[in-house]
Amino acid sequence: MKIIVTGALGHIGSYLIRNLPEVFSHPNIIMIDNLMTQRYTSLFNLPKTAQYQFIEVDITSDKMDLKSIFKNADVVIHLAAITNAAASFENANEVERVNFNATQKVADVCVATNVAMIMASSTSVYGTQEKQVDENCSFDELKPQSPYAETKLREEKYIQEQYMKNNLRAIIFRFGTIFGVSPGMRFHTAVNKFCWQAVMNEPITVWKTAYHQKRPYLALNDALSAITMMIKQNHFDGRVYNVVSVNATVADVVKSIQQYIPDLQIQFVENKIMNQLSYEVLNTRLNAMGFKPRGELKSGVLDTLQLLCHTSSTVNTF
């Protein structure tokens with residue numbers, strides 16, 4: 001099996017490329033990344049149970065012939081993106097250029113080469129005032145609150161247009177906020193950021209309106225399970241699928257960390273993403289197919305703290 005992963009060195013990608021060989025026998029994994037965030041360590045110590053090839057390229061560039069790379073592939077898992085939603089207010093044009101153009105180009109090449117595509121979107125496209133939402137939420141009900149989320153919604157529409165007009169075999173995963181340990185993990189998302197601040201004996205910075213608001217989170221192992229399930233079933237129907245492990249409040253995340261760092265301090269701050277109310281995201285479509293999320297917030301926090309425990313006297317060795 002030939003699998004192409006864009007954004008292969010990122011938080012999700014670096015986990016995926018190591019675990020795909022546990023699901024598929026001796027796959028050929030083509031890893032594409034522009035190394036913009038310099039996560040070279042994501043390439044260290046890859047398993048010997050797969051054939052790997054790394055290609056450093058900006059997929060929005062016309063200099064690379066993606067058709068020759070995609071030829072005879074079974075699936076493209078498209079993760080490449082600028083992912084910091086809060087920071088996207090400061091670089092909205094760049095987020096639009098990189099994220100939308102990358103998705104557009106990958107989709108067009110998948111159409112030309114008849115390769116299936118999995119697009120990573122985000123539950124941040126909901127931004128809704130409803131208490132619970134699933135994939136049946138109408139377009140008019142979607143209220144993305146950041147340039148990042150707005151661009152993701154445009155990417156989704158493009159994928160679905162290509163599915164309808166040009167028979168693109170694709171699905172769209174709306175991932176919750178990711179947590180869990182991987183070689184390419186970053187620390188701008190809630191769980192990871194809070195764990196880092198706690199270990200460094202810094203106060204956890206929380207948006208004033210967000211402490212008791214519920215948000216969807218996704219464990220890395222559940223992201224892997226959803227992706228591999230759809231590939232195994234050859235299920236590419238052009239639809240949106242939510243992928244969430246748990247809906248939790250910031251207070252829940254803080255309590256999980258306080259189990260290991262009781263003296264945790266909290267500092268409330270202002271942020272431009274201020275008008276989202278509490279909501280839960282349901283995996284209605286995936287659950288109907290038999291998907292069962294197994295990721296737990298508590299274990300994700302513990303894994304991350306254990307990774308950092310030798311960097312500070314704040315945390316005991318667990």
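This is a predicted model: local features need pLDDT of at least 70, side-chain atom pairs count only at pLDDT 80 or more; totals for chains, interfaces and linings use all residues.

Author: Residues are numbered from 1 along each chain as its sequence is written, and side-chain values use heavy atoms, with hydrogens and water left out.

Reader: What makes the radius of gyration of the protein agree with a compact globule?

Author: The radius is taken over C-alpha atoms, and the globule rule is 2.2 Å times the number of residues to the power 0.38. For 318 residues a compact globule would have a value near 20 Å, and the protein has 19 Å, so the two agree. Along its principal axes, the C-alpha trace spans about 55 × 45 × 40 Å.

Reader: How is the protein divided into domains?

Author: The bounds come from an automatic or database domain assignment. Domain 1 takes 2-178 + 218-243, and domain 2 takes 187-215 + 247-277 + 294-311. Their centres, over C-alpha atoms, are 26 Å apart.

Reader: Why is Asn114 called exposed?

Author: Exposed means over 50% relative accessible area, buried under 20%, and partly exposed in between (1.4 Å probe, protein chains only). Asn114 has 53%, so it is exposed. Asn114 also has a positive phi of about 55° although it is not a glycine, and it lies in the loop between helix H3 (92-113) and strand S5 (116-122).

Reader: And why does Asn167 get the label exposed?

Author: The relative accessible area of Asn167 is 61%, so Asn167 is exposed. Its phi is positive, about 60°, although Asn167 is not a glycine. Asn167 sits in the loop between helix H4 (147-166) and strand S7 (170-175).

Reader: What makes something count as a helix or a strand here?

Author: Both are DSSP runs numbered from the N terminus: helices are H or I with at least four residues, strands E with at least two. The protein comes to nine helices and 14 strands.

Reader: Which residues of helix H7 are buried, and what do they pack against?

Author: In H7 (residues 250-258), the buried ones are Val250, Ala251, Val253, Val254, Ser256 and Ile257. Their packing partners include helix H5 (190-199), strand S9 (204-207) and helix H9 (297-308). Across the protein, buried residues make up 56% of the 318.

Technical notes
Contact means heavy atoms within 4.5 Å.
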